[in-house]
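Me: I am new to this structure and would like to learn how to read its features. Could we go through them one at a time?

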Amino acid sequence: MFFVDRFIHSSILIYYSSFVSYEKGGEVMKSCFPAILLLVLAVSSPADAENFQPTLLKLSYEEILRYDFDGSPIDIPFTVNGQPAGVLFALFTKDKADDIAQTTNGYLDWHTVNGVDTCIYYSDLKTVPIGPNFITWDGRDQDGGVVPKGAYTYYLWAFDNQGSKQLMGKALHSGWGFDITTNVQEIDEDGLPMNNPIWYRHINRWEIGSDPEDATQLIATTITLDESWEIYGDTVLQKDDFDYQYIRVGNRDSRQGSIQKMKFVGGGDAEIVEDWGAEAPFATIFNTMGGTSAGIASDGDYLFTTDENHFTSNDADSDFYIYDMDGYLIDEIDISLWWSSAEDFAKDAQMNGGPNNFECRHGKIVLNCHCNCLNQMYDPARYLKSGEREDLLVWTNDNGDYTLDHNWEATADKKWVCNDYNVGPYKYCVSTDDNLFAAVCSYDIGTTSFGLLAPDGTGLGYYTFAGDTAGQKKGEIFIDSGTPYDGLYTDNEHLGGYFSPIYDYKGIFFLGHDSVKGLITSVSDPLDVSELPSEFALSQNHPNPFNPVTTIPFSLAEDSEITLVVYNIAGEKIATLAEGQFSAGRHNIDWNAGEFGSGIYFCRLNAGKFEQTRKMTVVK
């Protein structure tokens with residue numbers, strides 16, 4: 001791991017890690033932070049260090065609610081723990097994804113869904129205190145019709161809309177916030193939630209939980225590329241060895257793009273893996289129109305990248321690339337039917353609209369660009385299985401619902417034109433939580449901090465962090481894997497700007513966040529055979545926290561050979577709760593932790609290729 005190369009409290013490293021970006025053709029590219037600030041940071045005493053330890057926001061809720069679906073009100077109960085919150089309720093179809101063919105509807109055909117359960121109703125955000133609360137639902141859909149009897153998935157989505165942002169790391173500010181080139185590693189090399197996630201870019205790394213003011217905790221490397229090659233967008237780490245990372249590179253002169261694999265060397269020069277890739281040391285090289293890229297995303301089995309030409313081409317051109325982990329191109333998918341618009345170009349806007357931001361969670365890719373109105377989600381595994389381009393798309397959110405739209409105002413010069421990078425909201429980021437709600441930072445649209453999209457792409461409106469102004473917003477990232485640092489991370493750009501001489505706002509900040517998923521059903525027995533699950537899932541144990549007994553629910557879509565194992569925070573297996581052949585359906589396993597001490601434990605379910613982990617807390 002890279003941490004063994006750390007030079008603690010070295011003023012030389014402070015200067016090095018904060019100034020060096022990367023080397024291009026031998027020329028060192030530097031940021032513009034004054035050296036005097038870095039030297040001031042260097043003399044801070046280790047004895048004064050206070051590690052970052054946030055208070056998490058967590059929701060307790062009823063996993064199954066019984067309701068007659070007669071149009072009468074029902075209270076959706078929940079308890080807010082840790083921090084006060086703004087909470088919304090959303091109701092979705094359940095296990096209907098396979099029956100939902102690609103459908104486009106809504107004003108200006110703003111919404112396309114394809115093989116995904118869809119949103120029936122969502123509430124306004126309700127601001128609530130810590131403790132027991134509820135949201136009342138009237139049993140009707142968003143259009144006012146009574147929802148038919150059946151089984152439905154419900155979500156509660158929450159974030160801290162009342163408290164102040166808590167500094168996680170001041171040295172992480174790159175001069176452009178963290179909008180384009182930042183990622184977080186939440187899962188360790190054994191597939192468990194990390195006790196200390198890694199906040200990283202291609203040139204530096206930070207262990208979350210470190211002293212937020214200690215710039216020496218930012219570990220840097222230098223990267224030297226071949227002449228005319230540059231780095232674009234996000235980087236991803238190799239899932240079973242974090243010393244290695246995959247970087248999207250591009251050559252503006254030859255208009256080519258590719259991927260390179262590099263070893264991160266803290267305090268030294270990164271090492272390009274010379275024998276990796278179809279055209280070593282490059283992955284299969286492709287031609288592009290010369291734009292940049294969203295960078296690299298990965299589901300652990302494949303590498304994904306893009307080109308984007310929102311300012312470099314008047315010809316329709318946008319592609320999504322799928323590589324295997326050895327650097328061979330599996331498929332090049334033309335996505336210009338979504339990201340290019342001759343109609344917008346004819347209205348004196350841009351032909352192409354990206355994408356240049358994306359993220360992967362649970363194998364799904366969510367994409368957007370600061371330069372247009374479009375937000376999408378892809379399912380590469382489904383596409384690779386069928387080979388049909390329409391199976392790549394899960395949902396699209398386009399102009400028409402007023403969430404993250406361009407040129408919607410009555411006074412707009414280019415009414416409802418999407419590919420227009422001269423108007424807001426400027427969307428410099430996109431990130432999804434564990435339930436695939438997507439937060440999209442939104443700048444130049446008043447005091448809003450982000451737009452929120454449901455797991456099917458439904459626009460849920462704009463929301464604001466307490467104290468935010470109309471200034472710049474450059475990023476939000478969720479950590480939501482059961483780590484001690486789960487939450488919503490953001491910048492404080494609204495107080496300064498790209499080149500402000502004020503440094504108090506610099507850094508990355510924490511706010512509480514949680515989302516949970518339950519069932520509302522009219523079936524008397526929720527475990528009735530007609531309600532058999534269509535997917536595998538490990539649900540959150542209840543109660544949680546607990547002492548000493550808790551129940552662990554899980555669902556199997558088909559008869560399966562399973563193991564249900566408990567690990568301690570050090571990753572050591574301490575109990576096997578279930579092992580062997582289990583029938584399809586819902587199951588509950590009790591765990592008595594009487595012989596174990598207070599602390600955090602992890603429960604992992606393996607069923608064939610399915611694997612999921614949940615965090616459990618014992619309090620004695």
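**Reading the features**

Reply: Lys-170 has a relative accessible area of 24%, so this residue counts as partly exposed. Keep in mind that the model is predicted.

Me: With which residue does Lys-165 form a salt bridge?

Reply: The partner is Asp-468, and the closest N and O atoms are 3.0 Å apart. This pair also links distant parts of the chain: Lys-165 is in the loop between β12 and β13, Asp-468 is in the loop between β35 and β36, and 303 residues separate them. Both Lys-165 and Asp-468 are buried.

Me: Where does Lys-170, the residue we began with, find its salt-bridge partner?

Reply: Lys-170 pairs with Glu-213, with 3.6 Å between the closest N and O atoms. Glu-213 lies in the loop between β16 and β17, and Lys-170 in the loop between β13 and β14, 43 residues apart. Glu-213 counts as partly exposed because its relative accessibility is 37%.

Me: Which residues form a negative surface patch?

Reply: The patch consists of Asp-226, Glu-227, Asp-253, Glu-274 and Asp-275. As one example, Glu-227 belongs to the loop between β18 and β19. Its relative accessibility is 58%, so Glu-227 counts as exposed.

Me: Now the cysteines. How many disulfides are there?

Reply: A disulfide is a covalent bond between the sulfur atoms of two cysteines. Here the count is two. Numbering the bonded cysteines along the chain gives the pattern 1-2, 3-4.

Me: Is the disulfide of Cys-369 and Cys-371 right-handed or left-handed?

Reply: Look at the torsion about the S-S bond. For Cys-369 and Cys-371 the torsion is about 115°, so that disulfide is right-handed. Cys-369 is buried at 0% relative accessibility, and Cys-371 is buried at 1%.

Me: What is the torsion in the link of Cys-373 and Cys-418?

Reply: The value is -105° about the S-S bond, and the link of Cys-373 and Cys-418 is left-handed. Cys-373 lies in the loop between β29 and β30 and Cys-418 in the loop between β31 and β32, so the pair ties together parts that are 45 residues apart in sequence. Cys-373 is buried, at 0% relative accessible area, as is Cys-418, at 10%.

Me: What about backbone angles? Which residue has phi near 75°?

Reply: The general idea comes first. Most residues other than glycine have a negative phi, and most peptide bonds are trans. Tyr-402 has phi near 75°, a positive value in a residue other than glycine. Trp-416 likewise has a positive phi, near 60°. Tyr-402 is in the loop between β31 and β32, and Trp-416 is found in the loop between β31 and β32 as well. Tyr-402 is partly exposed, with a relative accessible area of 42%, whereas Trp-416 is buried, with 15%.

Me: Where is the cis peptide bond with omega of about -5°?

Reply: That bond joins His-542 and Pro-543. Another cis peptide bond runs from Asn-544 to Pro-545, with omega near 5°. Pro-543 lies in the loop between β40 and β41, and Pro-545 is placed in the loop between β40 and β41 too.

Note on methods:
Residues are numbered from 1 along each chain as its sequence is written. This is a predicted model: local features need pLDDT of at least 70, side-chain atom pairs count only at pLDDT 80 or more; totals for chains, interfaces and linings use all residues. Side-chain values use heavy atoms; hydrogens and water are left out. Patches are made of residues with over 30% relative accessible area and no salt bridge: like charges are joined within 9 Å, nonpolar side chains (Val, Leu, Ile, Met, Phe, Trp, Tyr) within 5 Å. Accessible areas come from the Shrake-Rupley method with a 1.4 Å probe; for residues, only the protein chains shown count as cover. A salt bridge is a side-chain nitrogen of Lys or Arg within 4 Å of a carboxyl oxygen of Asp or Glu. Lys and Arg count as positive and Asp and Glu as negative; His and the chain ends are not counted. The place of a charge is taken as NZ of Lys, CZ of Arg, CG of Asp or CD of Glu. Helices (H or I, at least four residues) and strands (E, at least two) are DSSP runs, numbered from the N terminus. Buried means under 20% relative accessible area, exposed over 50%, partly exposed in between (1.4 Å probe, protein chains only). A disulfide is a pair of cysteine sulfur atoms within 2.5 Å.
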